Amino acid sequence: MDEEYDCIVLGTGLKECIISGMLSVSGKKVLHMDRNKYYGGESASITPLEDLFAKFEMPNPDESYGRTRDWNVDLIPKFLMANGQLVKLLIHTGVTRYLEFKSVEGSYVYKGNKISKVPSDDKEALTTDLLGMFEKRRFRNFLVFAQDFKEDDPSSWKAMPGFDPNTTPMSAVFAHFNLDRNTIDITGHALALYRDDEYLAKPALDCLKRIRLYSDSLARYGKSPYLYPLYGLGELPQGFARLSAIYGGTYMLDKPIDEIVFTDGKVSGVRSGSETAKCKQVYCDPTYVPDKVKQVGQVIRAICLLDHPVANTKDALSTQIIIPQKQVNRNSDIYVSMVSYTHQVAAKGWFVALVSTTVETADPEAEIKPGLDLLGPIKQKFVTVSPLFKPIDDGRESQLFISESYDATSHFETTCLDVLSIYNRGTGEDFDFSKVKHNLGDEEA
Amino acid sequence: MSKETSAARPGQRVTNGGGAAAGGPGKICQFKLVLLGESAVGKSSLVLRFVKGQFHEYQESTIGAAFLTQTVCLEDTTVKFEIWDTAGQERYHSLAPMYYRGAQAAIVVYDITNQDTFGRAKTWVKELQRQASPNIVIALAGNKADLANKRMVEYEEANTYAEENSLLFMETSAKTAMNVNDIFLAIAQKLPKNESGAGGSGNTGNINVGSSRTQESSSGCCK
């Protein structure tokens with residue numbers, strides 16, 4: 001490794017692999033290393049099952065868990081929005097050809113101790129059991145407004161006199177349509193996927209865009225707006241790593257990273273043992289630079305292995321349930337996501353559920369109890385409380401660009417925003433998708 | 001408008017026409033084939049010779065393609081190979097599990113002029129037996145057979161090893177094209193052509209994002 005590179009990327013989590021792929025595609029000479037002997041870092045899917053048990057210092061699983069190689073258990077629960085940023089990245093980079101997805105079967109919201117399907121269009125608004133009869137009409141009127149809304153076409157704003165998407169707060173829009181507290185909760189948390197209520201005071205544009213993302217994603221494949229890759233989320237970083245390798249990136253796993261070398265305040269290399277690779281830039285996740293990040297919060301995640309589907313989801317083999325904050329007297333939502341053997345992440349007949357939320361108290365495990373209670377009997381539970389880190393600066397001075405920890409959101413939208421921002425800071429330009437040469441000796445040629 | 005479109009258009013997953021029963025004539029089967037072997041033994045060159053009929057003395061270390069496809073016609077079946085190159089990720093033992101995933105065939109390549117690469121080939125075979133689908137068809141290719149005057153690995157030694165491990169075996173030369181088509185043909189013949197035979201899991205309703213096709217089955221053979 002005693003060579004000179006344009007960029008060295010440390011850690012093979014999803015963010016670092018996307019960045020590595022983009023840099024290689026853009027013609028940079030990239031060295032990509034990981035201290036672990038597997039791809040994925042914090043966003044890996046752990047296989048075989050005994051590795052997951054070992055990670056949590058438990059004895060090996062018994063035979064009831066089937067073939068342990070059939071398990072690929074995500075450490076971080078997320079789904080892809082079918083019309084979201086990550087899907088766009090996958091398509092534009094061609095990485096999608098390495099992956100297969102399934103549509104998540106159900107999208108549910110929790111209200112008054114039970115779960116109901118999330119109503120997402122004007123037709124479902126009229127049939128949902130979440131709302132009373134008069135409220136259904138009001139909600140439908142709001143959804144029609146949200147579906148017709150176009151940012152650059154003021155004639156589409158007419159349903160609300162005086163509305164301006166950049167100044168009118170979302171709370172005023174809800175007030176105009178006379179929506180009650182409960183409907184606002186469902187809209188903001190189960191459709192717009194906000195984790196807390198700060199958006200209410202902010203301009204309506206962002207919320208309306210999020211509602212649009214939800215409905216456009218739902219329109220793509222039907223059952224829910226979410227997609228999930230076969231063999232687990234850990235396939236995503238592997239796919240982008242392959243993209244990087246195809247464009248010349250060098251990969252080294254199981255490589256101890258001992259030092260990021262600086263010269264006059266700027267990054268100049270990375271040392272592993274007695275070898276040092278020179279470079280102009282380093283990109284890494286927070287775990288490689290504990291002294292260059294600050295903690296901004298904590299996320300609790302409980303991985304639960306089940307031998308049955310979740311009750312009241314029509315035995316769905318994959319589902320998401322959102323428990324809006326207000327329903328359980330919290331400030332941030334609790335997410336439950338479940339996938340199963342049909343996604344090649346568990347042995348036949350098994351299900352993997354993840355319950356997660358942003359930590360608000362000194363007893364985080366008690367905070368996710370409403371989510372755990374929805375699951376029924378849990379065969380095995382693995383709980384982690386992870387700090388959320390952010391870099392202390394934007395990296396432009398030092399040329400050391402650090403990603404943020406994976407947050408508690410249920411999808412990859414913020415992940416992609418962070419990646420695109422890092423790429424922009426590192427290269428001074430936005431990523432040019434036309435640089436991906438789809439036809440280079442490729443099967444489509 | 002509704003004239004028959006060519007069934008074998010490149011880059012498309014194709015199924016045999018609605019009427020033909022599995023096992024009937026004109027069946028088209030698609031298989032994922034992965035290449036393994038030490039750097040510079042000629043993996044990419046073998047593929048390039050097979051797919052494009054080309055050979056470059058100084059082939060760059062990666063071919064810059066996601067994967068290449070080529071079809072082989074058997075008596076009653078057309079076998080379409082989706083061929084994955086390592087993209088150099090084998091160099092520091094950093095091949096991702098995704099690479100082996102769903103592979104129904106593999107060619108493990110060594111260089112007959114380099115004993116070390118034969119030793120490494122044996123390691124790759126073990127790795128495949130551990131990581132890949134149990135029904136995978138493995139072929140061993142002793143490449144650079146045109147350099148027989150610098151031979152370090154005897155034919156008999158490799159052949160015996162291949163027989164012991166139930167591998168197909170041929171010495172090949174990407175440069176002269178010797179046995180290149182033959183080894184792919186031999187693999188095509190050995191691959192199971194019925195749906196249950198291949199390593200796939202037979203999932204339905206899978207989505208290929210970004211394409212209009214929703215795949216019927218992830219396993220090797222089309223219905």
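This is a conversation about how to read some features of a predicted model.

Biologist: Let's start with the aromatic rings. How many aromatic pairs does a search of the whole structure find?

Modeller: Over all chains, the search of this predicted model gives 32 aromatic pairs. Take Y65(A) and W71(A): their ring centres are 6.0 Å apart and their planes stand at 65 degrees, so this pair is edge-to-face, because planes over 60 degrees apart count that way.

Biologist: Are Y65(A) and W71(A) buried or exposed?

Modeller: Y65(A) and W71(A) are both buried.

Biologist: And in chain B, what kind of pair do F118(B) and Y161(B) make?

Modeller: The ring centres of F118(B) and Y161(B) lie 6.0 Å apart with the planes at 80 degrees, so here too the label is edge-to-face. Both F118(B) and Y161(B) are buried.

Biologist: Which parts of chain B does the pair of F118(B) and Y161(B) tie together?

Modeller: F118(B) belongs to helix α3 (residues 115-131) of chain B and Y161(B) to helix α4 (residues 155-164) of chain B, so the pair ties together parts that are 43 residues apart in sequence.

Biologist: Which residues do ring pairs link into a cluster?

Modeller: Look in chain A for F142(A), F145(A), F149(A), W157(A), F163(A), F174(A) and F177(A); ring pairs link them into a cluster.

Biologist: Now helices. What describes two packed helices?

Modeller: The angle between their axes and the distance between those axes. In chain A, the axes of helix α3 (residues 85-93) and helix α12 (residues 413-427) come within 8 Å and cross at roughly 55 degrees. α3(A) and α12(A) are therefore oblique to each other.

Biologist: Which residues make the contact?

Modeller: From α3(A) come Q85(A), L86(A) and L89(A), and from α12(A) come E413(A), C416(A) and L420(A). The residues of this contact of α3(A) with α12(A) include 4 nonpolar, 1 polar and 1 charged.

Biologist: Let's turn to the backbone. What should I expect of phi and of peptide bonds?

Modeller: Most residues other than glycine have a negative phi, and most peptide bonds are trans. Now compare the peptide bond from T47(A) to P48(A), which is cis, with omega near -10 degrees. You will find P48(A) in the loop between β3 (45-46) and α2 (49-55) of chain A.

Biologist: And where is D254(A) found?

Modeller: D254(A) is in the loop between β10 (250-252) and β11 (259-263) of chain A. Its phi is near 55 degrees, a positive value in a residue other than glycine. N312(A), also not a glycine, has a positive phi of about 65 degrees. The loop between β14 (293-306) and β15 (319-323) of chain A holds N312(A).

Biologist: Does N312(A) count as buried or exposed?

Modeller: N312(A) counts as exposed, because its relative accessibility is 63% and the cut-off for exposed is over 50%.

Biologist: To finish, how many helices and strands are there in chain B?

Modeller: Chain B has 5 helices and 8 strands, and along the sequence they follow the pattern β-α-β-β-α-β-α-β-α-β-α-β-β. Of its 223 residues, 51% count as buried. Among chain B contacts between residues at least 6 apart in sequence, 70% join residues at least 24 apart.

Terms used: Residues are numbered from 1 along each chain as its sequence is written. Chains are lettered from A and ligands numbered from 1 in the order in which they are written. This is a predicted model: local features need pLDDT of at least 70, side-chain atom pairs count only at pLDDT 80 or more; totals for chains, interfaces and linings use all residues. Side-chain values use heavy atoms; hydrogens and water are left out. Rings of Phe, Tyr and Trp (its six-membered ring) pair if their centres lie within 6.5 Å; planes under 30 degrees apart count as stacked, over 60 as edge-to-face and the rest as tilted. Buried means under 20% relative accessible area, exposed over 50%, partly exposed in between (1.4 Å probe, protein chains only). Helices (H or I, at least four residues) and strands (E, at least two) are DSSP runs, numbered from the N terminus. Axes are lines fitted to C-alpha atoms, for helices over the stretch in contact, and angles run from 0 to 180 degrees between N-to-C directions. Angles under 35 degrees count as roughly parallel, over 145 as roughly antiparallel, 65 to 115 as roughly perpendicular and the rest as oblique. Contact means heavy atoms within 4.5 Å. Ala, Val, Leu, Ile, Met, Phe, Trp, Tyr, Cys and Pro count as nonpolar, Asp, Glu, Lys and Arg as charged, and the others, Gly among them, as polar.
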